[in-house]
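User: I'm new to this structure and would like to learn how to read it. Could you take me through it feature by feature?

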Amino acid sequence: MNYMPGTASLIEDIDKKHLVLLRDGRTLIGILRSIDQFANLVLHQTVERIHVGKKFGDIPRGIFVVRGENVVLLGEDLDKECDQILQRVSIEEILEEQRTEQQAKQESERLKLQAVKERGLSIPKADTLDDF
């Protein structure tokens, strides 16, 4: 096996299905079609996978161009193992689960901030939920 430096080592992975974790937390799964020296990726037949608890759902996204600086992790897709551990649900169901989870997190943060205010502590403006 020949070892190549940098992104050139991914040449052998072209036309294979890969999972890409982005800086913003999104997970993309698609067929790697192209890569350059900056780790910019072109994914084909891409789906965005959303995980909530032990459930997941896939949203079709088509062709996806990912800027290299946004890639946190790139690896082979292990779809078969995922199906054994997690339960696949419909797009509508996973989006509703995600919305419920986000609302619960926001409520938890709001209650924490309220408790801090009740104790008489000051909160920097950037930490309040009003800025989001």
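User: How many bridges join strand S3 to strand S4?

Analyst: Two strands count as paired if DSSP finds at least two bridges between them. Strands themselves are DSSP runs of E with at least two residues, helices are runs of H or I with at least four, and both are numbered from the N terminus. Here, S3 (residues 41–52) and S4 (residues 55–66) run antiparallel and are joined by 10 bridges. His51 stands opposite Phe56 in S4. A word on the source: this is a predicted model, where local features need pLDDT of at least 70 and side-chain atom pairs count only at pLDDT 80 or more, while totals for chains, interfaces and linings use all residues. Residues are numbered from 1 along each chain as its sequence is written, and side-chain values use heavy atoms, leaving out hydrogens and water.

User: What sits between S3 and S4?

Analyst: Two residues, and the two strands form a hairpin. Gly53, in the turn, has a positive phi of about 60°.

User: In which sense do S4 and strand S6 pair?

Analyst: Parallel, over two bridges, with S6 covering residues 87–88. Phe56 turns up again here, as its bridge partner in S6 is Arg88.

User: And the overall order of elements along the protein chain, what is that?

Analyst: Read along the sequence, the pattern is β-β-β-β-β-α-β-α. That gives six strands and two helices.

User: How many salt bridges does the structure hold?

Analyst: The general idea is that side chains of opposite charge can pair when their charged atoms come close. For a salt bridge, a side-chain nitrogen of Lys or Arg must be within 4 Å of a carboxyl oxygen of Asp or Glu. This structure holds 11 of them. One network of salt bridges links Arg49, Asp58 and Arg88. Asp24 and Arg26 also meet through their side chains, at 2.8 Å from N to O.

User: Is Arg99 buried, exposed or partly exposed?

Analyst: Buried means under 20% relative accessible area, exposed over 50%, and partly exposed in between (1.4 Å probe, protein chains only). Arg99, at 42%, is partly exposed, and Glu96 is too, at 41%. Across the protein chain, buried residues make up 25% of the 132 residues.
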